[in-house]
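Hi everyone, thanks for coming. Let me put today's structure up on the screen, and then we'll walk through a few parts of it together.

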Amino acid sequence: MNPETIPNQQSAELFRPRTAAPRKEKATEPFRFEGMIGDSPVMKMTLAQVTTVAPTDATVLITGETGTGKELIARAVHNLSPRRDRVFVRFNCAAIPLGLLESELFGHEKGAFTGAIARKMGRFELAHNGTLFLDEIGDIPLELQAKLLRVLQEQEFERLGSNQPQQVNVRIVAATHRDLKQMVAHGLFRSDLFFRLNIFPVSLPPLRERREDIPSLVNAFVRDCVRRMNRHVETVSDETMRALAEYSWPGNIRELQNFIERAVIMSPHTSLVAPLDSLMLPERNVSAAPKTLAQAESNFILEAIKAADWVIGGPKGAARSLGIKRTTLIGKMRKLGLSRSREAAFQPRHETAGIAPA
Ligand SMILES: Nc1ncnc2c1ncn2[C@@H]1O[C@H](COP(=O)(O)OP(=O)(O)OP(=O)(O)O)[C@@H](O)[C@H]1O
Ligand SMILES: [Mg+2]
């Protein structure tokens, strides 16, 4: 969608600063939209998409590298929807151990399994009439994907240990840094679930593809840190700003935010002293001197996966080159906690399949 299609008045409203903070700073107040800074053409287009889809009940699938603002977009979809006064439930599919995922999502009855000492509501029930944000949806194991598809399609599910269907009214927003299409191609993600989620895709560009936003972000983050930490930084030199705008920011906005916080803490006077040397990160040497057998195995597997460009199965996949079955490799990756996100802080991420720790 073209950002120009937003009516002018609405557009002005969208990008009007929300907070009327006292203007002590030298830099001008950047455009902010639902906590997001950035008025590069590509960001405006993304925000226009959000404004269009938010008032509907459509499922939104947000994709983008780590730290690009997927969670902020998910919250914006909720805040701009008629459900804004209802609950927003965030569920990180990658953070819950495999065995607990199903009961966390769908709930369970007392006695459904060992340790189920009382009935428990799952996230779908908790999000009733509101929005359920399924973060890291690419990490949902295949075994659970069919059940998830059913609840997305029919808004109906059963708690574990019950055959009584529960009806819910939940708006789904999902996010992932993974390439779900590629996961579908490798048999790691159900195509029907992908199509059900991909009704309205929103793709967040990495920061290096919207460098125009870097000065506004830097100024805003400096200001936020100064306020929070009671520091005295007021200006950022042109030279520093140029260096920051040229860096590739593999960890995207989160990395920039953390870098600025460190810089503000280190700056004794009113001009930002940025540790620019620390931006020239050496490539992490993952195979350096393993100390345990598990570490050595992890390094070896990681090297093979990287050599296969994170393709797991198939004739060119890492499983074939390691001489093991695809499912065995996936199991090992889960056990060893190998996923592409581990590398995010060091290297630019190109979307591929990867498995989070179980
Ligand atoms: N456009 C933006 N303006 C200001 N701050 C932003 C913007 N986008 C992201 N941030 C900040 O960057 C950090 C990372 O954002 P967020 O958690 O939404 O990213 P993410 O894509 O969900 O990352 P991950 O894939 O690692 O979960 C947060 O602190 C967020 O407030
Ligand atoms: Mg996130």
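Let's begin with a strand: is β8, residues 171–176, mostly covered or mostly open? Mostly covered: 6 of its 6 residues are buried. Keep in mind that this is a predicted model.

Strand β3, residues 60–63, runs parallel to β8, and 4 bridges join them. To find that pairing on screen, go to I62, whose bridge partner in β8 is A175. Strand β5, residues 131–135, also pairs with β8 in the parallel sense, over 4 bridges. There you can look for L132, with I172 as its bridge partner in β8.

Next, a pair of helices. Helix α9 covers residues 214–229 and helix α10 covers residues 238–246; their axes come within 9 Å and cross at roughly 120°. The crossing is right-handed. On the α9 side we have I214, P215 and V218, which meet M241, L244 and A245 of α10. Sorted by class, that contact has 6 nonpolar residues, with no polar and no charged ones.

Finally, a word on confidence. The chain's average pLDDT is 84, and 84% of the residues score at least 70. Residues 1–25, though, have pLDDT below 50, and this stretch has 24 contacts in the model beyond near neighbours in sequence. Residues 282–287 also stay under 50, with 6 contacts beyond four places in sequence.

How values were computed:
Residues are numbered from 1 along each chain as its sequence is written. Chains are lettered from A and ligands numbered from 1 in the order in which they are written. This is a predicted model: local features need pLDDT of at least 70, side-chain atom pairs count only at pLDDT 80 or more; totals for chains, interfaces and linings use all residues. A residue is buried if 20 or more other C-beta atoms lie within 10 Å of its own, exposed if 12 or fewer, and partly exposed in between; C-beta atoms are placed from the backbone. Helices (H or I, at least four residues) and strands (E, at least two) are DSSP runs, numbered from the N terminus. Two strands pair if DSSP finds at least two bridges between them. pLDDT is the predictor's confidence in each residue, from 0 to 100. Two residues are in contact if their C-beta atoms, placed from the backbone, lie within 7 Å. Axes are lines fitted to C-alpha atoms, for helices over the stretch in contact, and angles run from 0 to 180 degrees between N-to-C directions. A crossing is left-handed if the near helix is turned anticlockwise from the far one by less than a right angle, and right-handed if clockwise. Ala, Val, Leu, Ile, Met, Phe, Trp, Tyr, Cys and Pro count as nonpolar, Asp, Glu, Lys and Arg as charged, and the others, Gly among them, as polar.
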